[in-house]
Amino acid sequence: MKVQIDPERCQGHGRCYDLSPDLFTEDDEGYGQVAGDGVVPAGGERAARVAASNCPEKAIVLVEE
Ligand code: F3S
């Protein structure tokens, strides 16, 4: 699985990097960014789904591989 953030949708609510800091970080203005290459490590799928389901803008995309 990979995570992506749709920059057109992200409004900087910050729940992604608060809830799942291993997968997401923030830019200088508080908008969410994918940490690293976005590949979800083994065991990280739940954190990815929690972040995605808690983003009010539905900006987080989970890509099943
Ligand atoms: Fe943006 Fe959603 Fe995170 S609005 S900062 S992707 S919780």
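**The nonpolar core and its setting**

A: Of the contacts in the chain with a separation of 6 or more, 62% are between residues 24 or more positions apart; two residues are in contact if their C-beta atoms, placed from the backbone, lie within 7 Å. The model is predicted: local features need pLDDT of at least 70 and side-chain atom pairs count only at pLDDT 80 or more, while totals for chains, interfaces and linings use all residues. Numbering starts from 1 along each chain as its sequence is written.

The order of elements from the N terminus is β-α-β-β-α-β, where helices (H or I, at least four residues) and strands (E, at least two) are DSSP runs numbered from the N terminus. Buried residues, those with 20 or more other C-beta atoms within 10 Å of their own C-beta, placed from the backbone, make up 25% of the 65 residues.

The largest nonpolar core has 14 residues. Such a core is a set of buried Ala, Val, Leu, Ile, Met, Phe, Trp, Tyr and Cys residues joined through C-beta atoms within 7 Å. The residues with the most contacts inside this one are Cys-16, Leu-23, Ala-48, Ala-51, Cys-55 and Ile-60. Two or more core residues come from each of β1 (2-5), α1 (15-19) and α2 (45-54), and α2 gives the largest share, three residues.

Leaving out residues up to four places away in sequence, Ala-51 touches Arg-15, Cys-16, Leu-19, Ser-20, Leu-23, Phe-24 and Ile-60.

Notes: Buried ≥ 20, exposed ≤ 12 C-beta atoms within 10 Å, placed from the backbone.
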